[in-house]
Amino acid sequence: MHSYRWCGSMPSTATATTATTMIRRLCCLQSVSPFLPFSSASTTTKKPLVFLGAPQVSAIVLDKLLNASASPHSLFEVAAIVTQPPARRDRGKKLALSPLAIHALDRGFSPDLIFTPDKAGDDAFLSNLKALQPHLCITAAYGNILPTKFLDIPPLGTVNIHPSLLPLYRGAAPVQRALQDGVKETGVSLAFTVRALDAGPIIATETIQVDDQIKAPDLLELLFHKGSELLIRELPSILDGSARLKAQPQDDSKATLAPKINSDESWLSFDEEAYVLHNKVRAFSGWPGTRARVLVVEKNGEQKTLDIKIITTRLSSHESVQFNEADDVAFVDGALLFPCGRGTTIEVLEVQLPGKKAVNAAAFWNGLRGQKLKKL
């Protein structure tokens, strides 16, 4: 495996719309040899740190770090960024930079200091990282396992922003699994990274209340905003080493897991209670979404099945809905009412047909033109 960094002529700013052009100009991501630390490291007392991330929420943290490091009184500077390699995204399957890389370039970050190793344990990448002599590494939704030989490089350690109240929801999908469980309270943790999954000592946490309508993408963004503020607040103690002394070990006996979501989990079963389905719709919003199979009965009695995406729901405020038949779907006050397990009802407010845009329940119901809708 090779480690890569951006190379070649490159504008200092870029946007998502020019990602394809940028990739073509990046001279094919060639492997490089270790290089000397960036020049400013030798002319300042600011401590170099390396930031690792990939999705758009990582950019929230990067913004906070870059803004804070610009202060003349800042104790640190961002020496390099590590992110996922360019990948084929969306329907066009064109090769695209990670959202974090695009944002970093847009902020004017040097392309020579954006690294995209296939794995964080690649030897060439680790040589480049050592040459930077980072005092600290920070991760926020990076998505790759960090081996011991990586963790041994920064003398102050590696700190992770994790969107749960550790030791709860350790793993790849903490926000989604928390919403799926219907939690009323969650938060974000700042913790040192160890080889065990999300099990390192906790530096600080912040708790927030969860309302019953918020969806996973919005909650994730909120938690990374909170996490970036927590990081900036705690950075002085991390950089002077006192955070290591005050960090609290996790109680492994209270740990819960948040395993990666599988696309097969996206199907809804109306035999389950309404609150279970509602929480799943919120949790799987964004990706993979939630799907249901319904039956459309035409006026002449012919039937056809239809796969629809369920975009937005709420728990029914209608105490006693009268369905003509047990499997009938009703339309009341702008919502599709699906009968669910144990006599409960869920209101579907927004749906999406295959290949179409999401529409509200009224538009979908009108499109049926008098045909009956039944759950399957």
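I start with helix H7, which bends by about 40° at Arg233, with a proline, Pro236, following within four residues. The bend at a residue is the angle between axes fitted to the seven residues ending there and the seven starting there. Before going on: this is a predicted model, where local features need pLDDT of at least 70 and side-chain atom pairs count only at pLDDT 80 or more, while totals for chains, interfaces and linings use all residues. Residues are numbered from 1 along each chain as its sequence is written, and side-chain values use heavy atoms, with hydrogens and water left out.

Back to H7. The helix covers residues 216–239, 24 residues in total, and spans 32 Å from first C-alpha to last, close to the expected 34 Å. That expectation is 1.5 Å times one less than the number of residues. Helices (H or I, at least four residues) and strands (E, at least two) are DSSP runs, numbered from the N terminus. Just after H7, Gly241 has a positive phi of about 90°.

Next, Thr312, in strand S11, residues 303–315. Is Thr312 buried or exposed? Thr312 is buried, because its relative accessible area is 13%; buried means under 20%, exposed over 50%, and partly exposed in between, with a 1.4 Å probe and protein chains only. Its side chain makes a polar contact of 2.7 Å with the side chain of Lys215. A polar contact is a pair of N or O atoms within 3.5 Å; within protein, one must be able to donate a hydrogen and the other to accept it, and residues adjacent in sequence count only if both atoms are side-chain atoms. Leaving aside neighbours within four places in sequence, the contacts of Thr312 (heavy atoms within 4.5 Å) include Lys215, Val281 and Glu347.

Last, strand S6, residues 136–140. How many of its residues are buried? Five of five. In a regular strand the side chains alternate between the two faces of the sheet. In S6, Leu136, Ile138 and Ala140 lie on one side and Cys137 and Thr139 on the other, all buried.

S6 pairs in the parallel sense with strand S1, residues 47–53, over five bridges; pairing requires at least two DSSP bridges between the strands. Phe51 has Ile138 of S6 as its bridge partner. S6 also pairs in the parallel sense with strand S7, residues 158–162, over three bridges, and there Cys137 has Thr158 as its partner.

On cysteines: Cys137 is buried at 0% relative accessible area, and Cys340 is buried at 8%. The structure holds zero disulfides, a disulfide being a pair of cysteine sulfur atoms within 2.5 Å.
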